[in-house]
Every structure is written in C-alpha cells, then in structure tokens.
Amino acid sequence: FDTYLYFLKEFDQNKESTITLDYDNLAKSLKIDHMTPEDYRRQINKILDKLEGKYKLLSFDKPGRNQNTVIKLTSLAQSVSGLGDIHLPTAYFKYRWHQTLPFPAKVMYLIYLSNSQSSPSSRFSVSREALSKAYNISESFISDGNGELKKLNLLDIEYSQFENQNFSQR
C-alpha cells in the first residue's frame with residue numbers, strides 16, 4: 001500500500017505512465033533503509049511482483065544488479081477501487097503520515113480524499129454502510145480509520161440530526 005502511494009507521489013503524469021524507481025529513495029520512504037541495499041532491493045522487488053501479478057497495478061522489468069528500474073502504471077491503476085484520479089497532498093509525505101498512520105486510517109484518508117476532490121464543495125455525505133459496500137471494507141474498519149483520523153484532526157465528521165426518527169429512518 002505504502003509503495004503504491006509512493007508511486008502516486010512520484011508520478012509526473014507523463015504520457016507513457018512510467019516512473020523511474022530509485023530503490024534508495026523508496027527504501028527511505030518505507031523506513032527499510034537500515035537493511036543492506038541487496039536486502040531492501042529484494043524486499044521491494046517482492047512488493048513489485050505482488051503489485052504486478054496479484055493486483056495488476058503496474059508492470060516492470062527485473063532490474064540488473066544495482067540498477068534502478070522503470071515502472072509502468074497500468075490503466076487498472078488509474079481506476080483501482082473506483083478511487084479515480086487522486087492527488088495526494090504534499091502534507092501526506094511532509095508530515096510523514098505514510099509512516100505514522102495505521103492502515104485503516106490510510107485507506108479511509110484515501111477514500112475521503114477521492115470523494116472530497118470530486119465534490120465541488122470539497123464536502124460530501126456518505127454512510128458507513130454505503131462506504132462498506134462501495135469499497136468492500138467492514139464498517140468496523142471504517143470506524144477504526146475514522147477514529148485515528150479524528151484523533152489527529154485530519155477528519156471532521158458532521159452527524160445528521162435524527163431526533164424523532166427510529167433507527168431505520170436515519
């Protein structure tokens with residue numbers, strides 16, 4: 001997940017949909033630069049294999065020893081999970097949220113970012129149940145992510161009024 005977000009950050013919107021991967025910079029971003037270069041390159045290649053084979057988000061040629069490689073983002077990558085064209089704010093990396101947020105908070109941050117960027121007012125309304133169905137994640141996962149984002153003041157939730165309504169009418 002973090003590796004793919006790193007690629008989104010580095011992607012310069014070129015027509016070929018390619019990124020030149022610098023293993024050293026990615027290792028620093030993932031906080032695995034304490035490993036030997038051979039070890040972190042092997043670890044990164046395992047991640048690339050999964051992003052290519054299982055998720056079909058990219059393709060890449062296996063690099064030679066101590067060489068960087070070109071990553072090609074697939075068209076599926078541009079529409080993964082219905083998230084569309086997301087622009088990660090520089091603050092995400094500047095404040096190291098990619099290294100500090102727990103996984104549910106990262107996922108919910110991306111989902112909310114996508115929804116707010118596609119809304120004219122940057123505000124939107126959606127229930128946990130609708131999010132759960134749309135992104136195939138559990139409501140408890142959503143609640144966990146929301147809780148973490150709210151703790152860090154990265155999310156404001158305005159709850160609707162439901163006085164005089166039973167549960168099914170909310």
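This report describes the fold, helix packing, nonpolar cores and selected residues of a predicted model.

## Basis of the model

The model is predicted, with local features requiring pLDDT of at least 70 and side-chain atom pairs counted only at pLDDT 80 or more, while totals for chains, interfaces and linings use all residues. Residues are numbered from 1 along each chain as its sequence is written, and side-chain values rest on heavy atoms, with hydrogens and water left out.

## Overall architecture

The secondary structure of the protein comprises 9 helices and 3 strands. Helices (H or I, at least four residues) and strands (E, at least two) are DSSP runs, numbered from the N terminus. Along the sequence, these elements follow the pattern α-β-α-α-β-β-α-α-α-α-α-α.

Of the 170 residues in the protein, 36% are buried. Buried denotes under 20% relative accessible area, exposed over 50%, and partly exposed the range in between, with a 1.4 Å probe and protein chains only. Among contacts between residues at least 6 apart in sequence, 49% join residues at least 24 apart; contact means heavy atoms within 4.5 Å.

## Packing against helix α9

Two packed helices are described by the angle between their axes and the distance between the axes. Here, axes are lines fitted to C-alpha atoms, for helices over the stretch in contact, and angles run from 0 to 180 degrees between N-to-C directions. Helices α7 and α9 pack at an angle of about 85 degrees, with their axes 7 Å apart. The two helices are therefore roughly perpendicular to each other. Angles of 65 to 115 degrees count as roughly perpendicular, those under 35 as roughly parallel, those over 145 as roughly antiparallel and the rest as oblique. On the α7 side, F103, P104, A105, V107, M108, Y109 and Y112 take part, meeting F141, I142, D144, G145, N146, E148 and L149 of α9. The residues of this contact of α7 with α9 divide into 10 nonpolar, 2 polar and 2 charged. In this classification, Ala, Val, Leu, Ile, Met, Phe, Trp, Tyr, Cys and Pro count as nonpolar, Asp, Glu, Lys and Arg as charged, and the others, Gly among them, as polar.

Helix α8 (residues 128-135) also meets α9 (residues 139-151): their axes come within 9 Å and cross at roughly 110 degrees. That angle makes α8 roughly perpendicular to α9. The crossing of α8 and α9 is right-handed, a term that applies if the near helix is turned clockwise from the far one by less than a right angle, with left-handed used if anticlockwise. R128, E129, L131 and S132 of α8 and E139, I142 and S143 of α9 make the contact. The residues of the contact of α8 with α9 comprise 2 nonpolar, 2 polar and 3 charged.

## Nonpolar cores

In soluble globular proteins, nonpolar side chains tend to be buried together. A nonpolar core is a set of buried Ala, Val, Leu, Ile, Met, Phe, Trp, Tyr and Cys residues joined through side-chain atoms within 4.5 Å. The largest such core has 22 residues, and those with the most contacts inside it are L88, Y92, M108 and L149. At least two residues of this core come from each of α5 (90-94), α7 (103-117), α8 and α9. Helix α7 gives the most, with 8 residues. Apart from this core lies another, of 20 residues, among them Y4, L26, I44 and L58.

Beyond residues up to four places away in sequence, Y92 touches L5, W97, H98, L101, K106 and Y109.

## Selected residues

T3 lies in helix α1 (residues 2-10) and is buried, with a relative accessible area of 3%. Not counting residues up to four places away in sequence, T3 touches L26, L30, I47 and L51. S59, in strand β2 (residues 58-60), is partly exposed, with a relative accessible area of 29%. Leaving aside neighbours within four places in sequence, S59 is in contact with E52, V70, I71, K72 and T74.

Most residues other than glycine have a negative phi. K31, in the loop between α2 (23-29) and α3 (37-53), has a positive phi near 60 degrees. N153 has a positive phi near 55 degrees; N153 is found in the segment after α9 and is exposed, with a relative accessible area of 69%. E158 is placed in the segment after α9 and is exposed, at 66% relative accessible area. E158 and S125 are 33 residues apart in sequence and 9.0 Å apart in space, C-alpha to C-alpha.
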